[in-house]
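User: I have a model open and want to talk through how it is put together. Can we start with the strands?

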Amino acid sequence: MEKQPPLHISGAEAVIRCLLAEGADLIYGYPGGAIMPIYDELYKFSDQLRHVLTRHEQGATHAAQGFARTSGKVGVAIATSGPGATNLVTGIADAQIDSTPMVCITGQVASHLLGSDAFQETDIIGISTPVTKWNYQITKASEIPEIMAKAFYIARSGRPGPVLIDITKDAQFEMFDFSYEKCKGVRSYQPIPQLQLNQVEAAAKAINAAKKPMIVWGQGVILGEAEEEFKNFVESTGIPAVWTILGLSALPTKHPLNMGMVGMHGNYGPNLLTNECDVLIAIGMRFDDRVTGNLATYAKQAQVVHLEIDPAEISKNVHAHYPVLGDCKKSLSALTPLVEHKELTDWKAQFAAHMETEFDKVIKGDIQPTKEGLTMGEAIASINKHTGGDAVIVTDVGQHQMVACRYAEFIRTKSNVTSGGLGTMGFALPAAIGAKMGAQDRHVVAVIGDGGYQMTIQELGTIFQTGTAVKIVVLNNDYLGMVRQWQQLFFDKRYASTEMTNPDFVTIAKGYHIDAKRVTKREELDQAVSEMIASDKPYFLEVCVEKEDNVFPMIPTGASVSDIRLQ
């Protein structure tokens, strides 16, 4: 067969062909002068590559994150130079710390203007270097195929993360002979460490000797698509398992060995018993400070087994006595046949006893309240009831996030989408758009506080224009609730700049032609949630909740996990 001559095309067209070659069929962005040649090609390829016009570049990155988190694919965001590029940075930083695969493409001024403070010129490479897995500036069209292939490879391989590619305007116009080859490796970059069987055997020996073992799992289980292997490991060992916020949904909420959440607002038993277990088995988590509290007092009595793909995380915060470097899908497959099943009756009974205490002192009041006003927990319980635990729940940052993570029920993986490490207010609304586009067959419910909602409220326009059937629940307490809680507990109720004078959210939603309702009374809640879930269109529900409710349990900043407070 005669070899086809290479395509002689512009750099801008090459970018589009690279995206298509990598399987991208959906991107989020906002046009501008320096990215206009690529947008012109997008117009020509619109039957193959869908572009979603967000209302702000930050919205584009969060939507790309949401899409990546539910679909398992690489999210793509695109913006122009200068302010367009800098508006991407928050979402890029969020993706970096939460290990979300994303490729961001920015336009840049022509190469001969670089460094001259030209109109809308910003050194986005310098700005984004600390918050990207890799970045690169393209000044010649001929670089585009290799760099784009490398970008997708780096973004999705090993521990995933965001990559930014900055392309000068003249490189977008320049013509060249195009051919494309996917990247299969990068010199000096080893995304998946070679599994060492001696590490696996040593870990198994420690686990088999344990009398009070505890598993803590994180998002690495989900990113490694190791949910089945993880479930097999948990059930084969009989060891109680607890989760970090980003690990939530890897194991069904009601699994008998799922003991709840660790961390600042986690469950009582998992936090207390962290400092009583004799072997702590950490799987795909990084010992974030919100999980550990005071490191000087964290699990000092325990032998730590750490299954982790990123060598930089081993013994970074907590010393790993038994590190197991590698992809957790392979690590768990190798480890499970070597471990023994344990009944651990007395040990599990301690978890049950602490849960009973927590239910009586906290949970009952959150989901079966006697107080007059509605609680956030009631709203989450109603969502559980009407979705059967099969919805994707997307949360912003604050009290509502902690309540949703504590009480949302999940029966399948990739169901919890939240901003974990960076804690980005404004994340949820645009992320829910991407999450729905990545999981079109599922209900996607964005649970948001009144503060964070207003940071990206303009993305209602994206929902209206695209018709994306996102269900938006704003839990409105007229406060920046988490900050107010800290002010109440640690600053003698000096509520400095935390009370919100809010607009009429229902009227705003209706202005975007989105069905909307406000609930102020308990007897209205269940019917309103039922109506929202039954709708096949976008829907906005405002739930007016108690103004000064707090989220407990709580570990004060800098305190030990043993100092967890129930009130």
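This is a predicted model: local features need pLDDT of at least 70, side-chain atom pairs count only at pLDDT 80 or more; totals for chains, interfaces and linings use all residues.

User: Which residue is the bridge partner of P213 in β12?

Analyst: V279 is the bridge partner of P213.

User: What is the strand order in the open sheet?

Analyst: The order is β11-β10-β9-β12-β13-β14, six strands with parallel pairing. The edges are β11 (258–261) and β14 (322–325), each of which pairs on one side only. On average, neighbouring strands of this sheet are turned by 20° against each other, ignoring direction.

User: Switching to helix pairs. At what angle do α3 and α5 pack, and how far apart are their axes?

Analyst: Helix α3 (residues 57–71) and helix α5 (residues 89–97) pack at about 25°, and their axes are 7 Å apart.

User: Why does α3 count as roughly parallel to α5?

Analyst: Because angles under 35 degrees count as roughly parallel, the angle of about 25° makes α3 roughly parallel to α5.

User: Which residues meet there?

Analyst: From α3, Q58, T61, H62 and Q65; from α5, T90, G91, I92, D94 and A95. By class, this contact of α3 with α5 has two nonpolar, six polar and one charged residues.

User: Now pockets. What volume does the second largest pocket have?

Analyst: The second largest pocket has a volume of about 520 Å³.

User: And which residues are closest to its centre?

Analyst: T253, N258, N267, M355 and R406 are the closest, out of 24 residues that line the second largest pocket.

User: Which element gives the most to that lining?

Analyst: α15 does, with five residues in the lining of the second largest pocket. The elements that each supply at least two residues are β11, α12 (268–274), α15 (345–367), α16 (376–387) and α17 (399–407).

User: How many lining residues are nonpolar, polar and charged?

Analyst: The lining of the second largest pocket has 14 nonpolar, seven polar and three charged residues.

How values were computed:
Residues are numbered from 1 along each chain as its sequence is written. Side-chain values use heavy atoms; hydrogens and water are left out. Two strands pair if DSSP finds at least two bridges between them. Helices (H or I, at least four residues) and strands (E, at least two) are DSSP runs, numbered from the N terminus. Axes are lines fitted to C-alpha atoms, for helices over the stretch in contact, and angles run from 0 to 180 degrees between N-to-C directions. Angles under 35 degrees count as roughly parallel, over 145 as roughly antiparallel, 65 to 115 as roughly perpendicular and the rest as oblique. Contact means heavy atoms within 4.5 Å. Ala, Val, Leu, Ile, Met, Phe, Trp, Tyr, Cys and Pro count as nonpolar, Asp, Glu, Lys and Arg as charged, and the others, Gly among them, as polar. On a 1 Å grid over the protein atoms alone, a cavity is a set of points where a 1.4 Å probe fits but cannot get out, and a pocket is an open set with protein on both sides within 12 Å along at least five of seven lines; lining residues have an atom within 4 Å of a point. Grid points are joined across faces, edges and corners, and a volume is the space filled by probe spheres set on the points.
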